[in-house]
Amino acid sequence: MPANRTPPALNDLNKKQSYHQLIKLDCVEHKTYDGKGRPKKDAPVKSIVWQVSAEITEKQEVINDAIEQKSSSSLPATPLKTT
């Protein structure tokens with residue numbers, strides 16, 4: 001996978017996160033071969049496993065908006081009468 005291309009699964013995960021986002025994504029390819037020890041040069045690849053690492057940050061603006069919306073919804077809808 002090219003270094004500048006993000007795997008589709010990570011893009012989907014990033015879109016599903018409401019209050020967090022993934023940054024500094026890094027994908028490392030690990031090939032596995034049949035048999036024990038060091039593989040021969042012409043050995044076929046059995047499978048490829050991807051190691052994914054990312055840094056998670058908060059979407060602070062979205063979090064603040066949600067807090068404001070939550071606190072404003074707890075206020076009474078009609079003003080209280082004072083007598």
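Me: With which residue does glutamate 55 form a salt bridge?
Reply: A salt bridge needs a side-chain nitrogen of Lys or Arg within 4 Å of a carboxyl oxygen of Asp or Glu. For glutamate 55, the closest N and O atoms of such a pair are 3.5 Å apart. The pair ties together parts that are 31 residues apart in sequence, because glutamate 55 lies in strand S2 and its partner in strand S1. That partner is lysine 24.

Me: What is the phi of lysine 24, and is the residue buried or exposed?
Reply: Lysine 24 belongs to strand S1, which covers residues 20-33. Its phi is positive although the residue is not a glycine, with a value near 50 degrees. The relative accessible area of lysine 24 is 63%, and exposed means over 50%. The values asked for are thus a phi near 50 degrees and the class exposed.

Me: How many salt bridges does a search of the whole structure find, and how far apart are the closest N and O atoms of aspartate 34 and lysine 46?
Reply: The search of the whole structure finds two salt bridges, and aspartate 34 with lysine 46 forms one of them, the closest N and O atoms being 3.9 Å apart. Aspartate 34 sits in the loop between S1 and S2 while lysine 46 is in strand S2, so this pair ties together parts that are twelve residues apart in sequence. Both aspartate 34 and lysine 46 are exposed. The values asked for are two salt bridges and 3.9 Å.

Me: Which residues make the nonpolar surface patch of about 330 Å²?
Reply: One member, valine 45, is found in strand S2, which spans residues 45-58. A patch residue must have over 30% relative accessible area, and valine 45, at 38%, counts as partly exposed. The patch is made by Val45, Ile48, Trp50 and Val52.

Me: What distance separates the C-alpha atoms of glutamine 60 and histidine 20?
Reply: Glutamine 60 has its place in helix H2, residues 60-73, and at 40% relative accessibility it counts as partly exposed. Glutamine 60 and histidine 20 are 40 residues apart along the chain. Their C-alpha atoms are separated by 8.4 Å.

Me: In what order do the elements of the protein chain run, and what percentage of its residues are buried?
Reply: The protein chain has two helices and two strands. Of its contacts with a separation of 6 or more, 52% are between residues 24 or more positions apart. The accessible surface comes to about 7,700 Å², with 52% of it belonging to carbon and sulfur atoms. From the N terminus the order is α-β-β-α, and buried residues make up 5% of the 83 residues.

Me: Which element of the protein chain has the lowest mean pLDDT?
Reply: Where pLDDT is low, the predicted coordinates should not be read in detail. The protein chain averages a pLDDT of 82, and 80% of the residues score at least 70. Among the elements, S2 has the highest mean, at 90, whereas the lowest mean, 83, belongs to helix H1.

Methods
Residues are numbered from 1 along each chain as its sequence is written. Side-chain values use heavy atoms; hydrogens and water are left out. Helices (H or I, at least four residues) and strands (E, at least two) are DSSP runs, numbered from the N terminus. Buried means under 20% relative accessible area, exposed over 50%, partly exposed in between (1.4 Å probe, protein chains only). Contact means heavy atoms within 4.5 Å. Accessible areas come from the Shrake-Rupley method with a 1.4 Å probe; for residues, only the protein chains shown count as cover. Patches are made of residues with over 30% relative accessible area and no salt bridge: like charges are joined within 9 Å, nonpolar side chains (Val, Leu, Ile, Met, Phe, Trp, Tyr) within 5 Å. pLDDT is the predictor's confidence in each residue, from 0 to 100.
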